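Thanks for coming, everyone. Let me put the structure on the screen, and then we will walk through it piece by piece.

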Amino acid sequence: AMPLKLMPGTPSIWNGSSMPCQCTEVAWRSLFVTRIVTVSPSRQRKASIISIGVAWLAMQRGHAPIRRISARMQDITSAHLHVRLDPEQVPVELAELVVSFNTMLRRIEDSFQRLTNASADIAHELRTPLTNLIMQTQVALSKVRGMDAYREVLYSNLEEFERLSAMIGGMLFLAQADHSRIHLESGGVDLGAEVRALFDYFEAWADDHRVGLVLEGEVDTVSGDRQMLQRALSNLIANAIRHTPEGQAVVVALRREADQAVVDISNPGPDIPAEHLPRLFDRFYRVDPSRQRKGEGAGLGLAIVKSIVEAHGGTVLVRSEGGLTRFRVRLPNGPAQGPGGLQGSSAR
């Protein structure tokens with residue numbers, strides 16, 4: 001075998017024979033560094049370019065799933081909020097991100113749909129009284145009439161104006177509730193006394209519908225805004241009277257459960273289909289869209305109820321089965337704590 005030729009300046013670690021002698025670690029390191037240093041600059045440049053190219057290709061390949069997800073996200077507009085990303089089409093590291101994005105998109109779609117429906121409902125609800133006002137005014141102006149005829153038209157128009165005013169007032173109240181701007185005057189509220197006062201108020205209307213009013217149980221005084229809670233109970237009782245068949249009764253039951261006051265407002269009548277129950281608390285929602293709202297309020301009653309109850313830190317739920325519909329209100333036995341998570345409600 002030919003002896004290995006060393007480069008000039010390389011420390012000699014050979015003993016003159018064809019086999020290397022025992023060398024020190026320092027000598028071997030010196031040889032390695034010398035080899036690296038003596039590589040030509042062109043080869044160094046080629047090696048650097050190759051390294052950069054390999055790194056770039058690896059980065060492009062690794063970031064490809066992120067670019068695909070980004071492109072899909074950019075394609076999602078208000079008209080395509082139903083689109084969802086597939087977590088199985090991305091690396092495991094990005095699956096959780098995709099799931100979170102889909103959850104956020106679902107919430108946005110729901111909010112956007114509610115906003116769209118609310119706009120359509122508001123337009124529909126405002127159109128009816130405005131149309132009545134225009135028609136009645138046009139009829140009144142079509143020919144000369146007596147004073148009594150004009151007075152009748154004005155009374156009719158006044159009813160429509162009051163309905164519009166109530167609707168606008170309810171919408172403003174709910175807008176304040178959505179931004180937690182309901183101001184509560186906290187004090188002691190005797191729920192039993194408030195229900196009895198409301199029974200006196202609704203007695204004539206209930207008698208016209210041949211509907212009875214029954215109060216069961218008692219409950220201690222709760223802390224809250226008396227006028228707000230009275231408004232919530234009034235809306236629930238009016239809603240119950242409106243949907244109770246003739247010859248039957250609305251029952252309001254009061255009781256205490258642990259640290260909560262519970263108010264049940266029940267009325268007999270046809271069951272509300274289960275698919276409608278979660279939507280009863282939506283503004284302007286109707287179980288039967290074909291029904292006219294003439295004499296049935298502005299369609300914001302239960303939405304206002306839920307906003308008031310939750311502004312007091314309570315909850316309101318509804319069940320309808322066995323020919324009985326029950327709204328259950330739970331109020332904490334303590335100072336009003338503000339909204340605990342608003343959910344709307346509207347008249348049935």
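Start at R319. Setting aside neighbours within four places in sequence, R319 is in contact with L324, T325 and R326. Contact here means heavy atoms within 4.5 Å. R319 is found in strand β6. Now look across to S266, 53 residues away along the chain: the C-alpha atoms of R319 and S266 are separated by 9.5 Å.

A word on what you are seeing. This is a predicted model, where local features need pLDDT of at least 70 and side-chain atom pairs count only at pLDDT 80 or more, while totals for chains, interfaces and linings use all residues. Residues are numbered from 1 along each chain as its sequence is written, and side-chain values use heavy atoms, with hydrogens and water left out.

Now the overall layout. The protein has 7 helices and 7 strands. Both are DSSP runs numbered from the N terminus: helices are H or I with at least four residues, strands are E with at least two. Along the sequence, the pattern reads α-α-α-α-β-α-β-β-α-β-β-α-β-β. Of the 348 residues, 32% count as buried, meaning under 20% relative accessible area with a 1.4 Å probe, protein chains only. Take contacts between residues at least 6 apart in sequence: 69% of them join residues at least 24 apart.

Next, the strands. Two strands pair if DSSP finds at least two bridges between them. Which way do β2 and β4 run? Parallel: 5 bridges join β2, residues 212-216, to β4, residues 249-257.

From β4 we move to β5. These two run antiparallel, with 7 bridges. R255 has V262 in β5 as its bridge partner. β4 and β5 form a hairpin with 2 residues between them, and A258 in the turn has a positive phi of about 55°.

On to β7. β5, residues 260-268, pairs with β7, residues 324-332, in the antiparallel sense over 9 bridges. I265 has F327 in β7 as its bridge partner. β7 also pairs with β6, residues 315-321, through 7 bridges, again antiparallel. There, V316 is partnered with V329 in β7. The hairpin of β6 and β7 has 2 residues between the strands, and G322 takes a positive phi near 60°.

Now, empty space. Rolling a probe the size of a water molecule over the atoms shows where empty space is left. How many cavities of 30 Å³ or more does the structure hold? The count is 1. A cavity is a set of points on a 1 Å grid over the protein atoms alone, where a 1.4 Å probe fits but cannot get out; lining residues have an atom within 4 Å of a point. The largest cavity has a volume of about 50 Å³. Elements giving two or more residues to its lining are α6 (226-242), α7 (301-311) and β7. α6 gives the most, with 4 residues. The lining includes L191, V263 and V329.

Last stop: R163. R163 sits in helix α4, residues 147-178. Is R163 buried or exposed? R163 counts as buried because its relative accessibility is 16%. P129 lies 34 residues away along the chain, and the C-alpha atoms of R163 and P129 are separated by 7.7 Å.

That is the tour. Questions are welcome.

Methods
On a 1 Å grid over the protein atoms alone, a cavity is a set of points where a 1.4 Å probe fits but cannot get out, and a pocket is an open set with protein on both sides within 12 Å along at least five of seven lines; lining residues have an atom within 4 Å of a point. Grid points are joined across faces, edges and corners, and a volume is the space filled by probe spheres set on the points. Buried means under 20% relative accessible area, exposed over 50%, partly exposed in between (1.4 Å probe, protein chains only).
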